[in-house]
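Could you walk me through this structure by way of questions and answers?

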Amino acid sequence: MPPTPDNQPGDKPDGPTVYPPPSSRFRSDGQGHVRMGSHVSDADGGAGGGNNKTDRRVSILKNNNKSMLLRSQTQDFDHNRWLFETKGKYGIGTAYWQEDQFGNDTGMSMQDFMDKPWKPLTRKIHVPAAVLSPYRVLIVIRMIVLAFFLAWRIRNPNREAMWLWGMSIVCEIWFAFSWLLDILPKFNPINRTADLAALKDKFETPSPSNPKGRSDLPGIDVFISTADAEKEPPLVTANTVLSVLAAEYPVEKLALYISDDGGSILTFEAMAEAVKFAEDRRWIKREYDEFKVRINGLPDVIKKACKCTTKTKKCKKKRIKEKNEGVLPPDEKIEFTKATWMADGTHWPGTWFDSAPDHAKGDHAGILQIMSKVPEYDPVMGGPDEGRLDFTGVDIRLPMFAYVSREKRKCYDHNKKAGAMNALVRASAILSNGPFILNLDCDHYVYNSMAFREGMCYMMDRGGDRICYIQFPQRFEGIDPSDRYANHNTVFFDGNMRALDGLQGPVYVGTGCMFRRYALYGFPPPRANEYTGVFGQVKTPAKTIPSDEEEPLTEEHPDLNLPKKFGNSTMFNDSIAVAEFQGRPLGDHFSVKNGRPPGALISPRPPLDAPTAAEAIAVISCWYEDNTEWGDRVGWIYGSVTEDVVTGYRMHNRGWRSVYCITKRDAFRGTAPINLTDRLHQVLRWATGSVEIFFSRNNAILATRRLKFLQRVAYLNVGIYPFTSFFLVTYCFLPAFSLFSGHFIVQSLNIAFLSYLLIITLTLVCISLLEVKWSGIALEEWWRNEQFWVIGGSSAHLVAVLQGLLKVIAGIEISFTLTSKSAAEDEDDIYADLYVVKWTALFVVPLMIIVVNLVALVIGLARQIYSVIPQWGKLFGGAFFSFWVLAHMYPFAKGLMGRKGKVPTIIYVWSGLISITVSLLWIVVNPPQGNTRADAHSLNF
């Protein structure tokens, strides 16, 4: 047994034998050299003297034997004294640095260890295997069971009602196909998180390349779009502007643009009031109430001012004529038409209250107004002010803010919102040229001031140069607590979008999206992959952009060609390379590809001058896009009412990827229509855009090899889902047909059919529960989504398919009204709009489904009651599916009843007409016949 301090005898006399010290990383000063034959000096009392306590202590202190040093008076080994009383040597490292450990010629110091290592800005968090593995297994099981069930259904037709069996089997096959398109892209959901502290350390901490610690973050241009000051109140837009101005991002790197596509003076004056309110920096509650009053009173104030100005100019002209004997001098030109006047007495160049040539919606000059200039380079600190907030030590600068209204003329196609966004892209490239663009609707305000930084973490991280956009989830306010019409849409935003993030990225949904400007210009990513094979399982690197000396790429797909025609603005064309360079990640590590050097973006932005502003006005003219690739390959894509989905699809098709950024605190919040009619019209517009995508070259079937297989499936589902409406409406009527005819979709409710139905239902329930688990949505939200899927599918989706077919076949264009973003007029009840019943043709089919199923239940029950031999099994099958349909239609029926549960007269009229029509039609198709048997004088239906 090797000798250690623990096993040495305590009463052993000192002798010439010395045991080696124990092996440990903690070394004492006396462990370096141990002398042989060391003894206690006899001069201090001799070997056998000193029986008192003092002599014993001195003897112990002078003894070199470690066992004597490290033992207490009770003869037990003292671990604390062994470890800490002997001044241990620790070597070198971040905890302790021993200067003379490795000599003085190594060139290393403590600072070399204290420098922070390279840290990633984001982290990918996978869904736990305990949830994801059963989820995938159940999907595979349900796919197999569905295949066997459909095969069984085809092999076992209902000979008594082949027409009923035929319709049901076609619908069921389509539903299985539609379910596959929806569920397959959900195989790999993921979560992400951003490290804001690491972002600050990288870009805003003093370093050799940035001695003063100025922000090295790239610039962001924020776009807010509005089109109608009546349906999109200026106060709502002003609130969004104020929220952006207060965002936590370097002021000198932020620029805000508002696109007023209606050219309204109300929006213009409201933006001026918003900037003034932000500059005043007063107490929020009191001053904001006054601000709201001023904004809401703008229509009356401006109209009164216009009348006064017109009257004043008319009187002035009359006075001049009187002085000159009724003749107006040629040098005096005074116009007093019913114009819309600005506060300084000049004509408003946009749309007038009383339309006139060159001053109407769709026919007005371009307007660009810098309402807040480029901020100073150095921070401007505030101070205490009586009656206002104390801004001591707070930077009081405001970002640059510009009002933009593009030129519109009657002979041009202005391409709705997509055209307005492209005009902003060009104008902002001239004025600020931020390498990233954040797109917001006028009713989506910034709810998380750190959202800009979280999005930038993904763009600036390793591999961020391949990201085309960061999509934030949409969150809504003002939704009724029960969310009757699934306005929150959490199944899509927290389920589908999170799952797509595990593939090639989420789709672009129109707002709350941070774009890479270079990707919007139609260029491919610096690195991309191609996916070949039946299921895209073979991954190979794609060709990169060639240099000037190399031969150009010859691609078989037009989306992979390089954009060339940006317009005739030299200043804009020169800005493209600058935006690409400034949007690169920080090249602070060898693993970062395509990076830029640190400190490249700390220089000040040049101030705006007159030639720059004139060039910005020129690029928003209506003729600028002639003979260019804007809307075809560059910018937002034209040709669809859902330009957002198409724009994102084109980027993914070139090999870019996107990221879904879910922040702990909602990044943005907006409003959504809670009225049934408005909600259905909104869904109608989305579905019509999907039909347009299906019949265009943007169909995912025609995608490039750079689109992943499951991403292709997801985009294919975007174009196909409205067509499910035909089969859904048919299937909703099948229970009624079954009750009317006395037959069911199967010959009988046998064990095989019920077993298949049970397994399919149970697997669907388990899949849904696991999906609720990994997505974080509530079970009630999932059920509301299922209900509105039936309501929207039987109304808006059906009409969308018909409208899409008319556009493709007959070339009939489809126009949509803007979704109203104004609040309910009843201030006492914020949900008053929920109970307003506004009749629309979209109500007809769902109403027919409800009425027909109710009539069928009565007829089916009566038939079995008055039948000689009741067949309750057939009644049970049809009645069960009828109740399934009616349960899904419950929110629709509740919406028709209004606040007090009273059904409008028009509903009774339509219900009566439908009931009578269905009854008469069924009598004609299947007239009742008397039973000729003597023992049965009943009536057969």
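This is a predicted model: local features need pLDDT of at least 70, side-chain atom pairs count only at pLDDT 80 or more; totals for chains, interfaces and linings use all residues.

Residues are numbered from 1 along each chain as its sequence is written, and side-chain values use heavy atoms, with hydrogens and water left out.

Q: How many helices and strands does the protein have?
A: Helices (H or I, at least four residues) and strands (E, at least two) are taken as DSSP runs and numbered from the N terminus. On that basis the protein has 28 helices and 19 strands.

Q: What percentage of the 941 residues in the protein is buried?
A: A residue is buried under 20% relative accessible area, exposed over 50% and partly exposed in between, with a 1.4 Å probe and protein chains only. Among the 941 residues of the protein, the buried share is 48%.

Q: Of the contacts between residues at least 6 apart in sequence, what percentage joins residues at least 24 apart?
A: Contact here means heavy atoms within 4.5 Å. Taking the contacts in the protein between residues at least 6 apart in sequence, the part that joins residues at least 24 apart is 78%.

Q: Which word describes how helix 21 lies to helix 24?
A: Axes are lines fitted to C-alpha atoms, for helices over the stretch in contact, and angles run from 0 to 180 degrees between N-to-C directions. The axes of helix 21 (residues 724–741) and helix 24 (residues 796–810) come within 8 Å and cross at roughly 135 degrees. Angles under 35 degrees count as roughly parallel, over 145 as roughly antiparallel, 65 to 115 as roughly perpendicular and the rest as oblique. Helix 21 is therefore, relative to helix 24, oblique.

Q: How many nonpolar residues are in the contact of helix 21 with helix 24?
A: In this contact Ser725, Phe726 and Val729 of helix 21 meet His797, Leu798, Val801 and Leu802 of helix 24. Ala, Val, Leu, Ile, Met, Phe, Trp, Tyr, Cys and Pro count as nonpolar, Asp, Glu, Lys and Arg as charged, and the others, Gly among them, as polar. The contact has no charged residues and two polar ones, and its nonpolar residues number five.

Q: Which hand does the crossing of helix 6 and helix 21 have?
A: The axes of helix 6 (residues 162–183) and helix 21 come within 9 Å and cross at roughly 145 degrees. A crossing is left-handed if the near helix is turned anticlockwise from the far one by less than a right angle, and right-handed if clockwise. The crossing of helix 6 and helix 21 is left-handed.

Q: What is the pair of tryptophan 348 and tyrosine 403 called: stacked, edge-to-face or tilted?
A: Rings of Phe, Tyr and Trp (its six-membered ring) pair if their centres lie within 6.5 Å, and planes under 30 degrees apart count as stacked, over 60 as edge-to-face and the rest as tilted. By this rule the count comes to 43 aromatic pairs. In the pair of tryptophan 348 and tyrosine 403 the ring centres are 6.3 Å apart and the planes stand at 55 degrees, so the pair is tilted.

Q: How many residues apart in sequence are the parts that this pair ties together?
A: Tryptophan 348 is buried at a relative accessible area of 1%, and tyrosine 403 is buried at 0%. Tryptophan 348 lies in the loop between helix 11 (298–323) and strand 5 (359–360), and tyrosine 403 lies in strand 8 (residues 400–405), so the separation in sequence of the parts tied together is 55 residues.

Q: Is valine 491 buried or exposed?
A: Valine 491 lies in helix 14 (residues 490–500). Not counting residues up to four places away in sequence, valine 491 touches Asn496, Ile777, Glu781, Trp782 and Asn785. With a relative accessibility of 9%, valine 491 counts as buried.

Q: What is the phi of asparagine 489, a residue that is not a glycine?
A: Asparagine 489 sits in the loop between strand 12 (475–477) and helix 14, and at 18% relative accessibility it counts as buried. Although asparagine 489 is not a glycine, its phi is positive, at about 55 degrees.
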